[in-house]
Amino acid sequence: MNQHIPSHAIRIVLAPRAEFEACLRVRTRVFVEEQGVPSELEEDAFDPVSTHWLALAPDGPVGTARARRIGRAAKAERVAVDSDFRGQGVGRRLMEAIESWAREQDLESVQLNAQIRALPFYLRLGYQANGSIFEEAGIPHRALVKSLTTQAAG
Ligand code: COA
């Protein structure tokens with residue numbers, strides 16, 4: 001059942017290495033249990049070199065995302081919000097945290113491979129499709145990008 005929590009009661013925080021397991025638990029609920037992604041694909045070699053965020057509700061983590069630097073861009077990955085907490089801006093705030101982090105490092109854009117079903121979420125946040133549809137973990141995806149250097153971003 002959807003749980004509405006005032007947005008100020010959900011904090012978006014950088015996850016220290018010790019909290020990586022908490023990120024993984026959210027990802028497992030969303031990608032493995034809900035979407036059927038094979039569990040062996042969930043944790044990968046990019047986790048140790050990525051920056052991770054958690055969305056913390058009073059009763060614990062309800063969202064996560066990670067990003068890593070590729071040249072002059074940030075690549076956002078594993079953006080996940082627990083189903084009961086969707087539609088109240090948590091995903092948007094996770095993406096804004098990634099964009100702030102990327103700006104702080106003078107990066108020029110945020111790139112990601114979006115699941116087709118999540119496309120409207122990213123388009124709403126100012127991302128633009130950048131290429132054709134391809135499969136990843138058996139799920140159709142599309143590459144998206146958002147420039148951080150243009151005034152009208154967002
Ligand atoms: N279709 C249309 N619009 C959508 C949408 C959808 N499926 N999901 C979100 N939006 C819109 C919201 O209405 C909101 O618009 P508004 O600013 O006009 O109010 C905006 O996008 C931000 O939505 P928000 O509430 O922050 O999104 P969320 O917390 O529900 O998180 C996901 C969105 C995609 C992260 C979440 O649905 C999720 O975890 N899905 C499963 C995992 C997944 O697919 N991850 C993406 C992998 S690429």
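The largest pocket in this predicted model is the space taken by the ligand. Around the ligand stand 22 residues, and the closest are Val79, Val81, Gly91, Arg92 and Arg124.

**What surrounds the ligand**
- Five elements each give at least two residues to the shell around the ligand: the helices α1 (20-34), α3 (90-104) and α4 (119-124), and the strands β4 (73-81) and β5 (109-115).
- Helix α4 supplies the largest share of this shell, with 4 residues.
- Sorted by class, the shell holds 11 nonpolar, 7 polar and 4 charged residues.

**Polar contacts and burial**
- Gly89 places a polar backbone atom 2.8 Å from an oxygen atom of the ligand.
- Gly91, one of the closest residues, has a backbone N or O atom 2.8 Å from an oxygen atom of the ligand.
- From the side chain of Gln115, an N or O atom lies 3.4 Å from an oxygen atom of the ligand.
- On its own the ligand would expose 920 Å², and the protein buries 72% of that area.

**Aromatic pairs**
- Across the whole structure, a search turns up 3 aromatic pairs.
- One of them joins Trp53 and Trp101: the ring centres are 5.7 Å apart and the planes meet at 85°, so this pair is edge-to-face, given that angles over 60 degrees count as such.
- This pair ties together distant parts of the chain, with Trp53 in strand β2 (residues 51-57) and Trp101 in helix α3, 48 residues apart.
- Helix α3 also contributes at least two residues to the shell around the ligand.

Methods: Residues numbered from 1 in each chain as written. Predicted model: local features only at pLDDT ≥ 70, side-chain atom pairs only at ≥ 80, totals over all residues. Heavy atoms only, no water. Near = heavy atom within 4 Å. Polar contact = N/O pair within 3.5 Å; in protein donor to acceptor, adjacent residues only side chain to side chain. Areas by Shrake-Rupley, 256 points an atom, 1.4 Å probe, with all protein chains shown as cover. 1 Å grid on protein atoms, 1.4 Å probe; cavity = no way out; pocket = protein on both sides within 12 Å on 5 of 7 lines; lining within 4 Å. Sits in = over half its atoms within 2 Å of the grid points. Nonpolar A, V, L, I, M, F, W, Y, C, P; charged D, E, K, R; others polar. Phe/Tyr/Trp six-rings, centres within 6.5 Å; stacked < 30°, edge-to-face > 60°.
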